[in-house]
Every structure is written in structure tokens, then in C-alpha cells.
Amino acid sequence: MPSGGENIFPLEIEAVLQKHPKILMAAVIEVPHPKMGEVGKAFIVPKENNSLTEDDINKYLIDKLATIKRPREIVFCDSLPLTAVGKIKKNDLRM
């Protein structure tokens, strides 16, 4: 996704999020932004019995990703839509 003239890859952001000890699943999609072109929006499923806040995620990412790569929006979900083989249906997240 181009953001402020930089190419950003959602898979890179997802890989960092997946390493968080309290995250079960994560998906990142691009969403339009009036100034930046596109920015990341993260969908996060916390592991069972773990509470996470947007602030927790931002603190975790601060030294792991450049500011421009950090998701601008974080959505916490109970589950993510999956295909029959277990891949995340990112098109369903865009709706």
C-alpha cells in the first residue's frame, strides 16, 4: 500500500503483530486516507482470556515498526473470516 510516498507491505506489519504474546491472529488492510493516500488498519484477535488495548499495541510497535508503517486504526475482534483452508479473507474485512 502506498502511504505518503512509501510502499508498505501489510504482511510485514502482520508478522510483527503475530509475535505479540497476547495476539492470536492479526490482519492488516489498507484504507484510504486524505493526506497519506492509504494507511493500515489492523484487525486483531486477542488470545483467550487476554485483554489488549490500542495503547498496548501502539507501545509494542513503537520500537518494532517505523511510524509510517504502524496501523492508524486498530479493531479488536473475536474472530476473523477464514477460507476453507484457514487463510484470512481480507476482502471480507474491507466491507
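**Salt bridges and cores**

Reply: Let's begin with Glu30, which counts as partly exposed because its relative accessibility is 25%. Keep in mind that this is a predicted model.

Me: OK, which residue does Glu30 meet in a salt bridge?

Reply: That's Arg94: the two side chains meet at 2.9 Å, N to O. Glu30 sits in strand 3 and Arg94 in the segment after helix 3 (90-93), so the pair ties together parts that are 64 residues apart in sequence.

Me: And is Arg94 buried, exposed or partly exposed?

Reply: Arg94 is partly exposed, with a relative accessible area of 39%.

Me: How many salt bridges does the structure hold?

Reply: Six. One of them joins the side chains of Glu73 and Lys41, at 3.7 Å from N to O. Glu73 belongs to strand 5 (residues 73-76) and Lys41 to strand 4 (residues 37-46), so this pair ties together parts 32 residues apart in sequence.

Me: Are those two buried or exposed?

Reply: Glu73 is partly exposed, with a relative accessible area of 37%. Lys41 counts as buried, at 17% relative accessibility, because buried means under 20%.

Me: What about Asp63, which residue does its side chain meet in a salt bridge?

Reply: Lys64, at 3.3 Å from N to O. Asp63 is exposed, with a relative accessible area of 60%, while Lys64 counts as partly exposed at 40%.

Me: New topic. Which residues touch the most other members in the largest nonpolar core?

Reply: That core has 15 residues, and Ile13, Leu17, Ile23, Ala42, Ile44, Ile57 and Leu61 touch the most other members. Helix 1, strand 3, strand 4 and helix 2 (54-61) are the elements that give two or more residues to this core.

Me: Pick Ile23. What is it in contact with, leaving aside neighbours within four places in sequence?

Reply: Ile23 is in contact with Leu17, Gln18, Ile44, Val45, Pro46, Lys47, Leu52 and Ile57.

Me: Which residues are in the other core?

Reply: Another core, of nine residues, lies apart from the largest one, and its members include Ile29, Val39, Phe43 and Val45.

Me: Last one: where is His20?

Reply: His20 lies in the loop between helix 1 (10-18) and strand 3 (23-33).

Me: Buried or exposed?

Reply: His20 counts as buried, at 9% relative accessibility. Leaving aside neighbours within four places in sequence, His20 is in contact with Leu52 and Tyr60. Leu52 is also in contact with Ile23.

Note on methods
Residues numbered from 1 in each chain as written. Predicted model: local features only at pLDDT ≥ 70, side-chain atom pairs only at ≥ 80, totals over all residues. Heavy atoms only, no water. Helix = DSSP H or I, 4+ residues; strand = E, 2+ residues; numbered from the N terminus. Buried < 20%, exposed > 50% of the residue type's maximum accessible area, 1.4 Å probe, protein only. Contact = heavy atoms within 4.5 Å. Salt bridge = Lys/Arg side-chain N within 4 Å of Asp/Glu carboxyl O. Core = buried A, V, L, I, M, F, W, Y, C linked by side-chain atoms within 4.5 Å.
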